[in-house]
Amino acid sequence: MRTAVVVGAGMSGLAAAGALARTGWRVTLLERAERIAAAPTAMVLWPNGCRALDSLDPDGGWSAIASPLPDGGVRRPDGQWLVPPRSRTGATGPAPAVVHLEDLYDALVAGLGDTEVRTGFEVTTVRTGRRERPAVGDGRTLIEADLLVAADGIDSRIRAALVPESVAVGSGFAAWEAVIPGYRFPRPAEGQVLGGETLGAGYRFVAIPLGAHAAGKGGVYWVATAVGAARPESAATQLALLKRWFAGWHEPVGELLSLTRPEELVPQGVRELRPLPRTYAFPSGPGGVVLIGDAAHAMPHHLGQGGCLAFEDAATLRSLFADAAPGTALTGALEGYTRLRQPRITTVVRQNRRMSAVVQARGRLALRARDAALNHMRPRILGRLHAASDWSPPE
């Protein structure tokens with residue numbers, strides 16, 4: 001039987017392991033932590049992410065846990081509209097959705113099937129070669145397989161062994177996320193727009209209402225970003241800083257921050273890969289290695305596309321490797337993976353860097369230019385651009 005080892009039990013690893021298991025591979029999933037757990041936050045599924053999940057789970061199990069994403073428009077800190085909300089009347093394709101990560105992880109774990117899961121396994125060695133099947137080890141055990149899937153995140157040990165020149169660097173931003181459960185958030189005042197995006201001088205705040213049953217709690221998901229490095233202070237101190245930085249911004253920004261508890265805050269140092277890997281697949285013996293998710297293309301979340309691209313990776317993997325046997329067919333599938341993913345990832349990264357310049361704007365002239373650009377681009381929440389969402393799974 002064909003064997004695969006997936007390293008990393010984040011979204012990309014769970015999706016890839018389940019996809020391979022459902023197409024006849026014997027899969028082993030390795031996770032460094034002692035248990036598989038999602039961060040207590042949420043994510044947006046843009047149309048490309050929805051299509052990828054549909055191809056991974058034709059029964060549509062993920063859609064039962066997702067809620068429609070309202071377009072709250074884009075405003076300035078004083079509440080003035082830069083881009084008013086719009087309806088999706090006449091729009092085609094899947095509608096954007098928002099899902100709590102705990103719900104999404106539960107669905108992905110349920111789709112693992114007969115996958116063998118090993119937690120507490122930290123990869124320290126990576127073996128590849130012209131005549132050897134790929135293998136990984138933790139210093140005690142060496143596990144080899146026909147296919148090795150590197151889904152071990154931005155600090156991937158596997159990528160470091162294969163593409164050492166591609167490293168994680170700071171993006172110049174720090175980010176914070178939180179979900180406020182529904183029972184603690186009052187109903188919005190009449191006429192108040194709850195969801196939406198607000199852009200200041202180097203600061204950004206996004207609020208998204210979740211479905212009533214998200215993680216059994218409902219509520220509101222918010223993301224804040226600020227120019228600068230990750231903060232070293234405690235969560236309570238960082239939350240106090242956020243309240244000070246966003247003081248005077250239109251509601252519900254201040255209300256959301258005041259309702260957030262320090263233990264709910266998820267700080268993030270936003271990093272990205274530079275340069276991107278020169279290839280995303282590496283032959284080894286009769287099989288090889290593929291990079292997916294943040295191990296392949298970590299980027300700032302200005303477009304909200306990181307998770308969606310990871311699901312694209314898994315869907316492409318499923319399509320190309322479903323019937324590939326070790327040998328010529330499998331090495332051909334490896335070549336096809338890079339051929340399909342490289343131009344796509346390059347396009348999204350380029351769009352993301354353009355959006356980064358918009359978010360990073362500071363100074364009177366830069367802000368005026370940004371506002372004019374927004375009127376032209378008309379991005380939705382989290383800066384969705386058409387090119388980023390215009391993707392469908394390969395046949």
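## Starting at leucine 142

Let's begin with one residue and what surrounds it. Setting aside the neighbours within four places in sequence, leucine 142 is in contact with Thr125, Arg127, Ala135, Val136 and Gly137. This is a predicted model, and in it leucine 142 belongs to strand β11, which covers residues 142-144.

## Helix α8 and its partner α1

Now over to the helices. Two packed helices are described by the angle between their axes and the distance between the axes. For helix α1 (residues 11-22) and helix α8 (residues 306-321), the angle is about 20° and the axes are 9 Å apart. Angles under 35 degrees count as roughly parallel, so α1 and α8 are roughly parallel to each other. Their crossing is right-handed.

Who touches whom here? From α1 come Met11, Ser12, Ala15, Ala16, Ala19 and Leu20, and they meet Gly307, Ala310, Phe311, Ala314, Leu317, Arg318 and Phe321 of α8. Sorted by class, this contact of α1 with α8 has 10 nonpolar residues, two polar ones and one charged one.

## Helix α8 and its partner α2

Helix α8 also packs with α2, which spans residues 47-56; the two axes come within 8 Å and cross at roughly 35°. Is the crossing of α2 and α8 left-handed or right-handed? This one is left-handed, whereas the crossing of α1 and α8 is right-handed.

On the α2 side, the contact is made by Asn48, Gly49, Ala52, Leu53, Ser55 and Leu56. On the α8 side, it is made by Cys308, Phe311, Glu312, Ala314, Ala315 and Arg318. The residues of this contact of α2 with α8 divide into seven nonpolar, three polar and two charged.

## Two cysteines, no bond

How many disulfides does the structure hold? The count is zero. Cysteine 50, for one, is in no disulfide, and the nearest cysteine sulfur, that of cysteine 308, is 7.1 Å away. A disulfide is a covalent bond between the sulfur atoms of two cysteines. The cut-off used for such a pair is within 2.5 Å, so the 7.1 Å from the sulfur of cysteine 308 to the one in cysteine 50 is too far for a bond.

Are these two cysteines buried or exposed? Cysteine 50 is buried, with a relative accessible area of 2%. Cysteine 308 is buried as well, with a value of 0%.

Helix α3 takes in residues 101-110, and its buried residues are Leu101, Asp103, Leu104, Tyr105 and Leu108. What do the buried residues of α3 pack against? They pack against α1, β3, β7 (97-100) and α8.

Threonine 41 is in contact with His100, Leu101, Glu177, Val179, Tyr221 and Val266, leaving aside its neighbours within four places in sequence.

## Two cis peptide bonds

Finally, have a look at two prolines. The peptide bond from glutamate 251 to proline 252 is cis, with omega near 15°. Proline 252 is found in the loop between α5 (235-245) and α6 (253-259).

Arginine 274 and proline 275 are also joined by a cis peptide bond, where omega is about -15°. Proline 275 is in the loop between β17 (266-274) and β18 (281-284).

Key: Residues numbered from 1 in each chain as written. Predicted model: local features only at pLDDT ≥ 70, side-chain atom pairs only at ≥ 80, totals over all residues. Heavy atoms only, no water. Buried < 20%, exposed > 50% of the residue type's maximum accessible area, 1.4 Å probe, protein only. Axes fitted to C-alpha atoms, helices over the stretch in contact; angles between N-to-C directions. Helix = DSSP H or I, 4+ residues; strand = E, 2+ residues; numbered from the N terminus. Parallel < 35°, antiparallel > 145°, perpendicular 65-115°, else oblique. Left-handed = near helix turned anticlockwise from the far one by under 90°. Contact = heavy atoms within 4.5 Å. Nonpolar A, V, L, I, M, F, W, Y, C, P; charged D, E, K, R; others polar.
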